[in-house]
There are 2 protein chains.
Amino acid sequence: MSTRHVPFHYSGGMTDHRTPRAAERTEAIMRTTLELAQEVGYTKLSIEAVAARAGVGKHTIYRRWPSKGALFLDSLLSLNETDFDYPDTGDIAADLREQIYAAVDLLGQPPVGPLYQALLGEAQHNPAVAADLNERFITPQAEKTVARLEKARDQGQLSPDFDLGMAMDILSGPLYFRVLITHQPLTHDYVDRMLDALFTGMGPSPETGAGM
Amino acid sequence: MSTRHVPFHYSGGMTDHRTPRAAERTEAIMRTTLELAQEVGYTKLSIEAVAARAGVGKHTIYRRWPSKGALFLDSLLSLNETDFDYPDTGDIAADLREQIYAAVDLLGQPPVGPLYQALLGEAQHNPAVAADLNERFITPQAEKTVARLEKARDQGQLSPDFDLGMAMDILSGPLYFRVLITHQPLTHDYVDRMLDALFTGMGPSPETGAGM
DNA sequence: TTGAAACGGCACGTGCCGTGCCATTTTCAG
DNA sequence: CTGAAAATGGCACGGCACGTGCCGTTTCAA
């Protein structure tokens with residue numbers, strides 16, 4: 001939308017400022033943002049305080065990011081240089097489990113967990129943040145998931161009737177529900193139970209039910 | 001926690017103030033809150049503006065609610081006098097579908113949808129709101145869902161292996177994921193696809209797979 | 001080397017917060 | 001019915017963070 005704040009958001013790449021001094025500033029600001037967010041919480045985080053602690057003028061922040069939410073999004077994503085990459089041992093259930101373990105271990109507990117939760121909260125009030133988060137994190141992750149599942153389906157490890165377009169929603173939904181709604185911890189045991197339930201399915205069991 | 005703000009929150013019941021005049025005030029404040037939230041959005045909603053439009057002093061609001069979030073929660077829940085009640089036609093798949101249609105039609109689109117979304121965003125920053133929302137809305141709904149599913153399982157309409165403790169997360173998760181993360185509309189078609197996927201399950205289909 | 005851009009520091013007006021005070025109205029116990 | 005107690009509307013206050021100017025300095029690119 002705006003051309004004024006191109007340097008970071010919408011750019012995909014991190015830390016690509018022209019001059020090393022500018023990049024230094026940018027990184028210092030983001031580092032301070034995460035620091036302060038952990039100390040006082042996202043709600044009480046103020047750009048004024050970030051500027052003060054980072055030793056920069058407020059303009060220097062406002063020149064780079066259009067809002068506190070955008071700054072926070074960039075700061076948080078800058079931690080995630082290495083995306084989650086799917087293992088492929090040939091066993092889809094095991095690979096999914098490992099993959100989700102990794103995601104849950106990073107995003108579901110301190111120090112990143114609470115920050116990620118706050119970011120998702122902010123995304124509910126700020127459509128630009130929501131769109132950016134989707135573009136830079138959620139969608140790429142979804143695509144990797146679907147790709148891995150397609151391969152498994154072709155190998156007969158998944159029901160050919162299973163709607164892959166729903167896969168990301170169904171695999172991620174329960175995790176996000178637990179974090180954002182019921183606010184309970186994301187344990188490996190929970191992941192196991194979720195995957196068991198999803199593989200079992202809700203339909204009456206084949207040997208018992210009405211299936212012909 | 002606090003005893004100062006008993007009248008509403010934590011009380012379950014709505015509008016039970018001692019005197020009719022106080023109840024009038026309370027309802028006027030909540031009505032105005034929803035009005036303003038629809039007009040300017042939850043973020044820009046201010047207690048100052050609510051007080052002004054409702055024609056009450058700010059004290060009158062602060063005496064009743066400890067925060068903007070708590071006020072908003074009460075205001076929104078006051079619309080939901082009639083809980084969702086599960087139909088029971090004997091067909092669990094059909095009943096679930098109807099139930100979820102109703103929920104989605106109310107909570108997934110204007111006028112309530114955006115307000116509910118904002119409330120969930122606020123809940124990420126305000127633990128008291130999150131707890132209250134769970135206690136007064138999410139948990140009761142989950143209990144109804146599980147009760148209906150237990151009956152269906154006993155009638156052989158659900159796989160006896162299906163983990164009912166996961167039912168709410170698995171049925172609701174994808175819907176919340178779609179609203180809070182990918183921010184796409186909740187259509188009946190989406191509900192249908194979700195239920196199909198959940199009943200199908202991810203495991204290899206019985207007739208094809210490795211099951212004996 | 002020189003002009004432009006970015007910068008830190010400071011100040012300003014604005015909006016809303018949460019609270020105190022006051023005069024009035026309403027409620028309720030005696 | 002009456003008087004004390006509580007709730008209320010109105011107003012004002014200090015506090016904080018916002019977002020934006022301006023100014024003198026530093027950094028960068030041509």
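Through which surface do the copies, chain A and chain B, meet? In this predicted model, 100% of the interface residues of chain A are also interface residues in chain B, so the copies meet through the same surface.

The symmetry was examined next. Two copies of a chain are related by a rotation about an axis and a shift along it. Here the rotation that superposes chain A on chain B is 180°, and the shift along its axis is 0.0 Å. The RMSD of this superposition is 0.0 Å. That is the relation of a two-fold axis.

The interface between the chains joins 47 residues of chain A to 47 residues of chain B. On the side of chain A that touches chain B, two or more residues come from each of α6 (112-125), α7 (127-154), α8 (167-182) and α9 (188-200) of chain A. Of these, α8(A) gives the most, with 11 residues. This side of chain A comprises 22 nonpolar, 19 polar and 6 charged residues.

Two or more residues of the surface near DNA strand C are given by each of α1 and α3 of chain A and α1, α2 (47-54) and α3 of chain B. By class, the surface near DNA strand C has 6 nonpolar, 8 polar and 8 charged residues.

At least two residues of the surface near DNA strand D come from each of α1 (20-40), α2 (47-54) and α3 (58-62) of chain A. The elements α1 (20-40) and α3 (58-62) of chain B each supply at least two residues as well. The surface near DNA strand D is made up of 5 nonpolar, 8 polar and 8 charged residues.

Helix packing within the chains was then considered. Two packed helices are described by the angle between their axes and the distance between the axes. In chain B, α1(B) packs against α2(B) at about 120°, and their axes are 9 Å apart. The two helices α1(B) and α2(B) are therefore oblique to each other. Their crossing is right-handed. On the α1(B) side, the contact is made by B:A28, B:I29, B:T32, B:T33 and B:L36. On the α2(B) side, B:A49, B:V50, B:R53 and B:A54 take part. This contact of α1(B) with α2(B) has 6 nonpolar, 2 polar and 1 charged residues.

From α6(B), B:L119, B:E122 and B:A123 meet B:V129, B:A130 and B:L133 of α7(B). The contact holds 5 nonpolar, no polar and 1 charged residues.

In chain A, the axes of α6(A) and α7(A) cross at roughly 125° and come within 6 Å. That makes α6(A) oblique to α7(A). The contact involves A:L119, A:E122 and A:A123 of α6(A). Their partners in α7(A) are A:V129, A:A130 and A:L133. By class, the contact of α6(A) with α7(A) counts 5 nonpolar, no polar and 1 charged residues.

Methods: Residues numbered from 1 in each chain as written. Chains lettered and ligands numbered in written order. Predicted model: local features only at pLDDT ≥ 70, side-chain atom pairs only at ≥ 80, totals over all residues. Least-squares fit on C-alpha atoms with pLDDT ≥ 70 in both. Contact = placed C-beta atoms within 7 Å. Helix = DSSP H or I, 4+ residues; strand = E, 2+ residues; numbered from the N terminus. Nonpolar A, V, L, I, M, F, W, Y, C, P; charged D, E, K, R; others polar. Axes fitted to C-alpha atoms, helices over the stretch in contact; angles between N-to-C directions. Parallel < 35°, antiparallel > 145°, perpendicular 65-115°, else oblique. Left-handed = near helix turned anticlockwise from the far one by under 90°.
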